[in-house]
Amino acid sequence: MFKSFFGNRKWWAWSLGGSLIILLATWYRVELDVQINQWFGEFYDTIQQVLKKPNSMTFPDFMKLLLKFAQIAGISMIVAVLGDFFGRHYIFRWREAMTEYYQSHWEKVRHIEGSSQRIQEDTMRFAKIMETLGVSFLQAILTLIAFLPLLWELSKQVTQMPWIGYVDHALVYVALLFSLAGTVILAVVGIKLPGLEFNNQKVEAAYRKELVLGEDHIDRAQLSVLKDLFEDIRKNNYRLYWHYMYFDLARWSYLQFAVIVPYIALAPSLLMGLLTLGTLQQIVRAFNKVQDSFQFLVQSWTTIVELLSIYKRLKGFEQQIRG
């Protein structure tokens, strides 16, 4: 999966050069996001001042403030669109490299159940998930690098925690501990999902293979056989639905509670009037960015489960190739 793309000189321009371009584009988008966060602080402080003192700001000056946001957001949008366009080409080259490698060893693996699916569908799904998950992970790391120092600095204004009292740089610790707790809890709750997803793909492959063979051989895909194979699919899917139900309940409960966590942490400072409206917005947005980065595994767990099941199938495929 990785060696066929990153370990093959033919693809180095894409695998190494492309990775560098994606890294730089993602970093620039994060830097623009930091500028937007600073703009929010300036904007809401201005609103607060205008509400206290009507007519203290002219309409042209107000429009200049809005146009500043439009400029940053416009650049961010262009970088995002071009980055996504390049990323799709990058990830398709990765799929192409895997496909070439598997096709060159077709005689060794053609006997494996679902071999056609693994070369066509699994490589396609692996590439798509890596596009989504890989960029999201990179963005989470870069966002953490950019916003963690900002939140650390902003936390100097927030020293009192509910029920606890004085804590230096409290918001950083709240974001870290809350995200870590959620990751551990959901990892435990969803521990069975990768194996169940893997088993589900196996029974789906067996059913599809029998149907394909039935297209060319009249003695295959008999009704009784198809019923048995589909019964396996039904049982596995029902089992998977049950485990996803309680996992989703835990995940969404955690994410909904996460919305109010920064406001709870800020409550003492806010009620004492130590924060302006702009500073409040800036802190909450920086807190959410840091928390979202820490929560990458939480928010991406279902996608990670699917990736793990595909990885296990392709890994077994490559073990057969290596003999």
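Angles under 35 degrees count as roughly parallel, over 145 as roughly antiparallel, 65 to 115 as roughly perpendicular and the rest as oblique. This is a predicted model, where local features need pLDDT of at least 70, side-chain atom pairs count only at pLDDT 80 or more, and totals for chains, interfaces and linings use all residues. Residues are numbered from 1 along each chain as its sequence is written, and side-chain values use heavy atoms, without hydrogens and water.

Colour by pLDDT, the predictor's confidence in each residue, from 0 to 100. The chain mean is 81, with 97% of residues at 70 or more. Helices are DSSP runs of H or I, at least four residues, and strands are E runs, at least two, numbered from the N terminus.

Select α3 with helix α2 (residues 12-52): their axes come within 9 Å and cross at roughly 160 degrees. Axes are lines fitted to C-alpha atoms, for helices over the stretch in contact, and angles run from 0 to 180 degrees between N-to-C directions. The two helices are therefore roughly antiparallel.

Next, select α6 (residues 170-189) and α8 (residues 223-271), which pack at about 170 degrees, axes 11 Å apart. That makes α6 roughly antiparallel to α8. In their contact (heavy atoms within 4.5 Å), look for F178 and L186 of α6, and Y254 and F257 of α8, among others.

Finally, select 172-193, one of the stretches that UniProt (unreviewed entry) lists as "transmembrane region". This stretch is 86% helix and 0% strand, with end C-alpha atoms 31 Å apart.

Notes
UniProt positions are given in the numbering used here, feature names are shortened, and annotations may be inferred rather than shown by experiment.
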